[in-house]
Amino acid sequence: MSKNNNWTRKEVKAKGKAAFLKNYWKTLLVALLIIFTSGGAGATGFGGNANMSNKTTTDTVYEMTGTGESEDGANLTADEIAKESNSSIPANIEMPEKNDIPVAAAVSLGIVAVILVIFITAFGIAADAFVLNPLMLGCRRFFLKNLDEPAEIGNITYGFDRNYKHNVKVLFYMQLRIFLWSLLFIIPGLVKAYEYRVIPYILNDHPEMNMDDIFAESRRMMDGNKWKAFVLDLSFIGWQVLSLFTCGLLSIFYVNPYIHSTHAALYDELKYSNLTIDEADPYAGE
């Protein structure tokens, strides 16, 4: 059987829309979950109160204007300020070099900042790989099953309940490969993202397949379909722009569930016409 690249946007979107509307509220909840888990955490900032050293207000004025003011209100020149300041320091006390403390503090803060960034990055990668990816896999399963019959919310735990380690490994390598290709001026990463687009759905349908076969299967299924899938995504831009005028409410209650359901419908349109995936019911025997 030849690959199916004769599908049309109209047919795929109609199928996705119909599946979404027949199970509206559950589909809406799962789409909201996708927003909360894949939208990204807010930027983490680091700050603190500025610590004042032994610098006086007079020093600050001097640094800004080159002049100061004595206790009786008379204007002082820069040389007179320096002389007056030095005269108040006992001769037996050695003052540190002026720049020693700020430089040491800056280096220390820099090291702490780097360590914190590394820790937060590592934590984010781990959370993404071990929690969010399996959860997203379950969400994809929900939309896939919802095409044939109203799916249950419980499908979202599938990535944790079955072949957890395998799911984590496959999805992590998928993201890693897309990221590495993205380093080559974005476009190659975008191409790979569409090439690997159906990997979560294949993993749902065929959990027994090893990782190399899943990647190869996704490449075969998307061969000749990457551009059409890209145009399919572009066809939702009008809805997303319109959603801006509703402060995102239209996106939450209609557009996002519609998009996710359409993505599942695209995979469903492709899967049985691929040469290496059989036409048996992947959910039989559950």
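Modeller: Let's go through helix packing and then backbone angles.

Modeller: This is a predicted model, where local features need pLDDT of at least 70, side-chain atom pairs count only at pLDDT 80 or more, and totals for chains, interfaces and linings use all residues. Residues are numbered from 1 along each chain as its sequence is written, and side-chain values use heavy atoms, with hydrogens and water left out.

Colleague: At what angle do helix H1 and helix H13 pack?

Modeller: Two packed helices are described by the angle between their axes and the distance between the axes. Here H1 (residues 9-22) and H13 (residues 249-271) pack at about 120 degrees, and their axes are 7 Å apart. Helices are DSSP runs of H or I, at least four residues, numbered from the N terminus. The axes are lines fitted to C-alpha atoms over the stretch in contact, and angles run from 0 to 180 degrees between N-to-C directions.

Colleague: Okay, and which residues have a positive phi?

Modeller: Most residues other than glycine have a negative phi. Among the exceptions here, Asn-163 has a positive phi of about 50 degrees, and Ile-186 has one near 70 degrees. Asn-163 sits in the loop between helix H6 (158-161) and H7, while Ile-186 is in the loop between H7 and H8.

Colleague: Is Ile-186 buried or exposed?

Modeller: Ile-186 is exposed, at 59% relative accessible area, whereas Asn-163 is partly exposed at 35%. Buried means under 20%, exposed over 50%, and partly exposed in between, using a 1.4 Å probe and protein chains only.

Definitions and conventions. Helix = DSSP H or I, 4+ residues; strand = E, 2+ residues; numbered from the N terminus.
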